[in-house]
Amino acid sequence: MENVLNKEIKEIIDACPEVGRILDEYGIGCVPCSVGSCLLKDVVGIHNLDPEQEATLMYRIEKAIYPGRNVPKPVVDKTKKSAPKKISYSPPVKKLVEEHVLIKRLLALIPTIVDYIEGSIKVDKELILKCVDFIRTYADKYHHMKEEDILFKYVDEKAEVIQVMYKDHDTGRAHIRQVVEGAERGNKAQIKEHLFGYRDLLTQHIKKEDEILYPWIDRQLSTAQVGEMFRKCNEADASVGDELPRKYERFIVELEEKFLQEVAK
Ligand SMILES: [Fe+2]
Ligand SMILES: [Fe+2]
């Protein structure tokens, strides 16, 4: 099993698709991952399963890869109920999770905004560009930059999980460039395709960060590093001023009021 632990996950899944299905059951989404060069041992380690779950997962993977092998079954205490794990974040990471909440409020409005655009005679360019401004300034500059310039620097930036996050940020920026081009051209189909593309991408991206990446980073930080990171994040926030997050929060509230009325009509 030792040599399999050091193999890339895509290679293992290609040779034995059952492994992908088993990982999926544990909420480990390696099958749809675009890169897949994580080693099996890192894939399992990063998800921080409880010891019994991890032992059972490894047993099932080994049995799937080597069906004829006599693998000892792990002893599982069936009387013990595994309570859902409550994630507790360090203060600087908690702030990033809170910023996700505002971004998710915009993502939730995208289907209604797209319906509105499709139902209008002329594309509401001003509305699209205001949403783009929120995404570029709040989601990208204010939030993603703290991840890229501060948070990710505390772990091995070459780690695949971090590379996937960088790639997602870039893919998001490409979608938004397309949305702007669609707004300039009055091309409703282009706006729709890339607003939905952005929504799907960011929804998964935020879920991965909240549930997997941030807890994984937090587990590696010393108390001194948490303090240092908190100071750096506060300095980054202070450099843009208190008004910026307030302004974008007001924008989301206005958007929700406008579109909740549209839906109610
Ligand atoms: Fe991110
Ligand atoms: Fe994020």
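Student: With 13 C-beta neighbours inside 10 Å, as what does Val76 count?
Tutor: This is a predicted model, in which local features need pLDDT of at least 70 and side-chain atom pairs count only at pLDDT 80 or more, while totals for chains, interfaces and linings use all residues. Residues are numbered from 1 along each chain as its sequence is written, and chains are lettered from A and ligands numbered from 1 in the order in which they are written. A residue is buried if 20 or more other C-beta atoms, placed from the backbone, lie within 10 Å of its own, exposed if 12 or fewer do, and partly exposed in between. Because Val76 has 13 such neighbours, Val76 counts as partly exposed.

Student: Leaving aside neighbours within four places in sequence, with which residues is Val76 in contact?
Tutor: Val76 is found in the loop between α5 (51-65) and α6, where helices are DSSP runs of H or I with at least four residues and strands are runs of E with at least two, numbered from the N terminus. The C-alpha atom of Val76 is separated by 8.9 Å from that of Ala55, 21 residues apart along the chain. With contact taken as C-beta atoms, placed from the backbone, within 7 Å, the partners of Val76 are Glu52 and Thr56.

Student: How far apart are the end C-alpha atoms of α6, and what span should its 29 residues have?
Tutor: The expected span is 1.5 Å times one less than the number of residues. The 29 residues of α6 should therefore span 42 Å, and this agrees with the end C-alpha atoms, which are 44 Å apart.

Student: At which residue does α6 bend by about 40°?
Tutor: A bend is the angle between axes fitted to the seven residues ending at a residue and the seven starting there. In α6 a proline, Pro111, follows within four residues of the bend, which is placed at Ile110.

Student: Which orientation word describes α6 relative to α10?
Tutor: Helix α6 (residues 91-119) and helix α10 (residues 223-240) pack with their axes 8 Å apart, at an angle of about 45°; these axes are lines fitted to C-alpha atoms over the stretch in contact, and angles run from 0 to 180 degrees between N-to-C directions. Angles under 35 degrees count as roughly parallel, over 145 as roughly antiparallel, 65 to 115 as roughly perpendicular and the rest as oblique. The angle therefore makes α6, relative to α10, oblique.

Student: Which residues of α10 are met by Pro91, Pro92 and Lys95 of α6?
Tutor: Of these α6 residues, Pro92 is also buried. Pro91, Pro92 and Lys95 meet, in α10, Val226, Met229, Phe230 and Cys233.

Student: Against which helices do the buried residues of α8 pack?
Tutor: At 1.5 Å a residue, the 26 residues of α8 (residues 160-185) should span 38 Å, which agrees with end C-alpha atoms 37 Å apart. Its buried residues include Val161, Met165, His175 and Val179. They pack against α4 (40-46), α7 (125-149) and α9 (188-220).

Student: Where does α7 bend by about 35°?
Tutor: Among the buried residues of α7 are Tyr138, Ala139 and Tyr142. The bend in α7 lies at Asp140.

Student: How many helices and strands does the protein have?
Tutor: Buried residues make up 21% of the 265 residues, and the C-alpha atoms fill a box of roughly 70 × 45 × 35 Å along the principal axes. The secondary structure comes to 11 helices and 0 strands.

Methods
Contact = placed C-beta atoms within 7 Å.
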